[in-house]
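Thank you all for making time this morning.

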Amino acid sequence: MKKFHVTTTVNGDAVEYLCDPRETLLDCLRDKLNLTGAKEGCGTGDCGACSVTVDGRLVCSCLMLGVEAEGKQIETVEGIADGDILHPLQKKMIEYAALQCGICTPGILVAAKSLLEKNPNPTEEETRYWLAGNLCRCTGYDKIIRAVMDTAAEMREAS
Amino acid sequence: MDYHSPASFAEASALAANATGITRFLAGGTDVLVQLRSELVTPDTLIDIKKINGVRDITRNADGSWTLGIAATGAEMSEHPELGRDWPGVVEAMDLIGSTQVQGRATPTGNLCNGSPAADSVPAMVAAGVTVTVTGRDGTREVAVEDIPTGPGKTSLAKGELISAVNIPARGENGGDAYLRFIPRTEMDIAVVGVGVNLRLDGDTITEARVSLGAVAPTVLLVEDCAKAIIGSTLDDASMEALAAAASAACNPIDDKRGTIAFRTEVAGVLAKRAAKIAYARAKGEDA
């Protein structure tokens, strides 16, 4: 099987890897770049645990091939905090105890960050629809939604 | 699996024509990768058509018609400042598919080529009179969207052929379109019934109409009897009842866990009336 050499940018760093064309971007992030924040929940685009952004667009990394990442700008949950300083969303998720098992949390953080970049003042309904592709089986979503809404309010005040 | 990313549709067509085994074209990949992952379809040849110039473009042409690149996504269609004003039904239908993440990748061309009878964007495109440009070994041809699917998972595209553009007609004056679907949830589900309606008015009277049904037959249907039921009317109660009856009569659905034959047949009529009302209001320039 011919392997493809891919050069791409992840969280601002130039990276390269060799991949089989059947491997997904999620496989490449986790197994070749050791970025294990993105999780494989379903592998079929239903659960959102593998959410990343590609050229600023929120996608499931399980629904994209590793070879397709050539020349793209990819952002993962590993790039959300600034060193040891947590992103406001991460702080609020902790404050609101908006996670239990934590498997969905990286995807929720990436998706919520993407929402707030696009819309700094979302309604609760907009937030719920935006995050509808991120399944959480622990929290019942309420704490997640409240954490995101409160983060949005705080970030609006700060800016 | 061989992976190719050709620079032109002619090259993509030649690759597919000369390939052996199973060939798939990759645009958004929201069906192709799921099928690959679930081992339903493992292509021998995968042709990524996103590196062809202009495939993400959404262009309004000089005559008011629109050309969508085959890799323009649902999210890009929804974010476009003008497309949804001309064709709100087409944009809303595409926007109903999947999550935010899926919208970032999924394309109407892929939705069409996947051949699902329940594809949400397809009845809306059929109602709107959308055509696709098909590139093959002998050049290109223009095909109506309703002539692409031939059965669940099957299309009329021959070996070596692929869709290279989506052509949406000019909206023109006094026209409106709408798409509605029934699902048992509020979001992220597959249509049990879908209805697209597109019409044009002269004053209060409907002069042109196209009505399309999804998920009630092996392919998306263009139902002429539905159009006949409302053309010449002001969408009064009698024509609405005739529309509903024609929609129900056109149904040839399956019975499955998501909806019985009786349910789908009944709901097709109900949704046809509701979608026609929205399209009519839009044609009048009202918010709907």
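Predicted model: local features only at pLDDT ≥ 70, side-chain atom pairs only at ≥ 80, totals over all residues.

Is A:C47 buried or exposed? It counts as buried, because 24 C-beta neighbours lie inside 10 Å of A:C47, and 20 or more are enough for that label. If we set aside the neighbours within four places in sequence, the contacts of A:C47 are A:G41, A:C42 and A:L135. There is also A:C104, which is 57 residues away from A:C47 along the chain, while the C-alpha atoms of the two are separated by 8.2 Å.

Stepping back to the whole of chain A, we find it divided into domain 1, residues 4-79, and domain 2, residues 88-158. The centres of these two domains of chain A, taken over C-alpha atoms, are 22 Å apart. Where they meet, 14 residues of domain 1 of chain A are in contact with eleven residues of domain 2 of chain A. On the domain 1 side of that meeting, strand 3 of chain A provides the largest share, which is three residues.

Now let us turn to chain B, whose secondary structure comes to eleven helices and 14 strands. Its C-alpha trace spans about 55 × 45 × 35 Å along the principal axes. How does the radius of gyration of chain B stand against that of a compact globule? For 288 residues such a globule would have a value near 19 Å, and chain B has 19 Å, so the two agree. Buried residues make up 53% of the 288 residues in chain B, and, among contacts between residues at least 6 apart in sequence, 64% join residues at least 24 apart.

I will finish with one sheet in chain B, an open one of three strands in the order 1-3-2, with parallel pairing. Strand 1 (2-4) and strand 2 (23-26) of chain B stand at the edges with a single partner strand each, and therefore one side of each has no neighbour in the sheet. Neighbouring strands of this sheet are turned against each other by 20 degrees on average, direction ignored. Strand 1 of chain B pairs with strand 3 (residues 45-48) of chain B over three bridges in the parallel sense, and B:D2 stands opposite B:T45 in strand 3 of chain B.

Notes:
Residues numbered from 1 in each chain as written. Chains lettered and ligands numbered in written order. Helix = DSSP H or I, 4+ residues; strand = E, 2+ residues; numbered from the N terminus. Rg over C-alpha atoms; globule rule 2.2 N^0.38 Å. Buried ≥ 20, exposed ≤ 12 C-beta atoms within 10 Å, placed from the backbone. Contact = placed C-beta atoms within 7 Å. Pairing = 2+ DSSP bridges. Axes fitted to C-alpha atoms, helices over the stretch in contact; angles between N-to-C directions. Domains from an automatic or database assignment.
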